[in-house]
Amino acid sequence: MDEVAKLKQMAIDRYGEDGGVMCECFSEQDYVEAIAKDGTAEAAWAWQVRIVEAQKETQACYDTGEW
């Protein structure tokens with residue numbers, strides 16, 4: 001399985017970890033670029049999850065006013 005196919009499958013299998021963002025919003029080119037940037041499907045997935053976590057942290061700070 002090539003890395004793009006692997007990343008697409010990871011996005012389906014781990015849908016809840018990133019709220020479905022990668023599965024629903026990424027184009028073919030987005031998958032290719034993520035792998036080119038991060039090197040492997042696993043690394044690209046880990047980066048995506050970190051982005052989602054950072055967005056949640058930022059939103060929580062905004063919602064509570066605790067900066």
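**Note on salt bridges and the nonpolar core**

1. Glutamate 28 and lysine 8 form a salt bridge, with their closest N and O atoms 2.3 Å apart. (A salt bridge puts a side-chain nitrogen of Lys or Arg within 4 Å of a carboxyl oxygen of Asp or Glu.) This pair links distant parts of the chain: glutamate 28 sits in helix α3 and lysine 8 in helix α1, 20 residues apart. Helices are DSSP runs (H or I, at least four residues), numbered from the N terminus.

2. This is a predicted model: local features need pLDDT of at least 70, side-chain atom pairs count only at pLDDT 80 or more, and totals for chains, interfaces and linings use all residues. Residues are numbered from 1 along each chain as its sequence is written, and side-chain values use heavy atoms, leaving out hydrogens and water.

3. The whole structure holds 6 salt bridges. Arginine 50 meets glutamate 53 in one (3.8 Å, N to O). Arginine 50 also meets glutamate 57 (3.6 Å, N to O). Glutamate 53 and arginine 50 are 3 residues apart in helix α4, so about one helical turn separates them. Glu3, Lys6 and Glu42 are linked in a salt-bridge network.

4. The largest nonpolar core has 12 residues, among them Leu7, Ala11, Tyr31 and Trp45. (Such a core is a set of buried Ala, Val, Leu, Ile, Met, Phe, Trp, Tyr and Cys residues joined through side-chain atoms within 4.5 Å; buried means under 20% relative accessible area, exposed over 50%, partly exposed in between, with a 1.4 Å probe and protein chains only.) Helices α1, α3 and α4 each supply at least two residues of this core.

5. Glutamine 59 lies in helix α4. Its relative accessibility is 40%, so glutamine 59 counts as partly exposed.
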